[in-house]
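Please keep the model in view while going through the numbered points.

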Amino acid sequence: MSPGRSRPVGSSVAASKSHGMSIKYADFVDESYEPTAEDLVCTFRLVPGEGLTLAEAAGRVASESSNGTWAALDAPERVRELSAIAFDLAGDADGGEVQVAYPDALFDPGNMPQILSCIAGNILGMKAVDTIRLLDCEWPASLATSFLGPQYGPDVKTEILDAEGRPPTATVPKPKVGLNTEEHADVGYEAWMGGVDLLKDDENLTDQSFNRFDARLKRSLERRDEAQEATGEAKDYLVNITDETNVMLERVDEVAAQGGGFVMVDVVTAGWSAVQSVRERCEEQGLAIHAHRAMHAAFDRLPEHGVSMRVLAQVARIVGVDHIHTGTAGFGKLENEDTVGINAWLASDFHGVSPVLPVASGGLHPGIVEPLLDTTGTDVMVQAGGGIHGHPDGTRAGAKAFRQSIDAYVAGVPVGEYADDHPELAAALAEWGTESPR
Ligand SMILES: O=C(COP(=O)(O)O)[C@H](O)[C@H](O)COP(=O)(O)O
Ligand SMILES: [Mg+2]
């Protein structure tokens, strides 16, 4: 049949009471449905609950995530037009994949919590499924463009930093919390002097008693200015503004007033609504947003359940972050994940929405930069904490070694060879070799 929602009323749809039709779970399945360009299409992997077929479970998923419930309902046709339709079912009662198409009129454009309450809401806890995972989404233009989208994306490399033609670098001081303001800013200064572009706060450093936000921002940007002057290279600071939404907005203004170019937000723990608010304020202030994804694994680590990192990254791009962590393709300390596929999506054409710069972070050091970039390509930001500050000769030498490993890659010189006349890199390779840490 031709694409569209005005599908024939199937055998399972019983015309009923005078003003409408009775809709029940089975009416949310149409194996032959062809989605339209206005549909949001979600791919789910699911295992049906006990005693249910794949189609019975899929009907319950499409129903609960759009406008159905457990009881057959009498509803007018215009309400029926808002129903989701499960189609393309592949599998059996032991599990499989299904697509679910949602008409865009079901959604509130520009309201990410509302969209997620549909497609990743009650269905994750229904008895009708033993497990269910939202794997991927095809977004219609009407929803994708109803948010601000990224302001800079990969253009931060040239518009804010001096990183044309190479991956920009960032570092997070370690120990991750506990350093006082002066110690933290000193680490930043040493890292910038060694060749790192960005100082980055860790995900759990915000405004604790030992390192207050306001003082850290001020002092770090003072040291940044010194490093910028000494090196002649643009430097900046990914300061973690994560807090209650109104506090974050005040901090965006403060960062702009002090001359910073970026804010960092723990986007999953803060929540997408708060990220939307920050994004709006960053538009006014011209700041880029670095998205840390702490807590993403609560959604995406178990392969059979939850919401994939791919979908979380899609949401982040639509809402409008400029960078987001997407893992290290198995080379760092974290679980291997679909880093390459997610990064390709973040760079892909998407209804005119700007791309996002992916960030590789977690257990990286100079010895694994080469295989990492071989796998991800160079359109990434590369971030190292322990792989810089754990260098035997300290942070500045560690930053030099890290930058040298990147410069070697961009020059097409094997890292071992480049180390022959770069002693900091040689020391890092002697310390850590080319193994991923655990
Ligand atoms: O602090 C770091 C990296 O420090 P180090 O370089 O010392 O491991 C990152 O927050 C985490 O690894 C999370 O990474 P991701 O957000 O990619 O999961
Ligand atoms: Mg961290």
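1. Pro175 is located in the loop that runs between β8 (169-171) and α6 (181-194). Helices (H or I, at least four residues) and strands (E, at least two) are DSSP runs, numbered from the N terminus. The peptide bond leading from Lys174 to Pro175 is cis, and its omega is near 0 degrees. As background, most peptide bonds are trans, and most residues other than glycine have a negative phi.

2. The model is a predicted one, in which local features need pLDDT of at least 70, side-chain atom pairs count only at pLDDT 80 or more, and totals for chains, interfaces and linings use all residues. Residues are numbered from 1 along each chain as its sequence is written, while chains are lettered from A and ligands numbered from 1 in the order in which they are written.

3. Met295 belongs to the loop between β12 (288-292) and α11 (296-300).

4. The protein chain is divided into domain 1 (19-144) and domain 2 (153-432); such bounds come from an automatic or database domain assignment. The C-alpha centres of domain 1 and domain 2 are 37 Å apart. To their contact, domain 1 contributes 16 residues and domain 2 contributes 17 residues, where two residues are in contact if their C-beta atoms, placed from the backbone, lie within 7 Å.

5. Which elements give two or more residues to the side of domain 1 that touches domain 2? They are β3 (39-48), α3 (112-119), β7 (129-138) and α4 (141-144). β7 gives the most, with seven residues. By class, this side of domain 1 has twelve nonpolar, one polar and three charged residues. Here Ala, Val, Leu, Ile, Met, Phe, Trp, Tyr, Cys and Pro count as nonpolar, Asp, Glu, Lys and Arg as charged, and the others, Gly among them, as polar.

6. Helix α12 (residues 309-319) and helix α13 (residues 339-347) have axes that come within 10 Å and cross at roughly 20 degrees. α12 is therefore roughly parallel to α13. Angles under 35 degrees count as roughly parallel, over 145 as roughly antiparallel, 65 to 115 as roughly perpendicular and the rest as oblique. Axes are lines fitted to C-alpha atoms, for helices over the stretch in contact, and angles run from 0 to 180 degrees between N-to-C directions. On the α12 side the contact is made by Met309, Arg310, Ala313, Gln314 and Arg317, and on the α13 side by Gly341, Ile342, Trp345 and Leu346. This contact of α12 with α13 has five nonpolar, two polar and two charged residues.

7. Helix α14 (residues 369-376) packs against helix α16 (residues 395-411) at an angle of about 50 degrees, with the axes 9 Å apart. α14 is therefore oblique to α16. Val369, Glu370 and Leu373 of α14 meet Ser405, Ile406 and Tyr409 of α16. The classes in this contact of α14 with α16 are four nonpolar, one polar and one charged.

8. α16 also has a contact with helix α18 (residues 423-432): their axes come within 8 Å and cross at roughly 95 degrees. α16 is therefore roughly perpendicular to α18. From α16, Ala397, Gly398, Lys400, Ala401, Gln404 and Ser405 meet Glu424, Leu425, Ala427 and Ala428 of α18.

9. Which residues come nearest to ligand 1? Of the 18 residues around ligand 1, they are His325, Ser361, Gly362, Gly385 and Gly386; a residue is near a molecule or strand if its C-beta atom, placed from the backbone, lies within 6 Å of it. The shell around ligand 1 comprises four nonpolar, nine polar and five charged residues.
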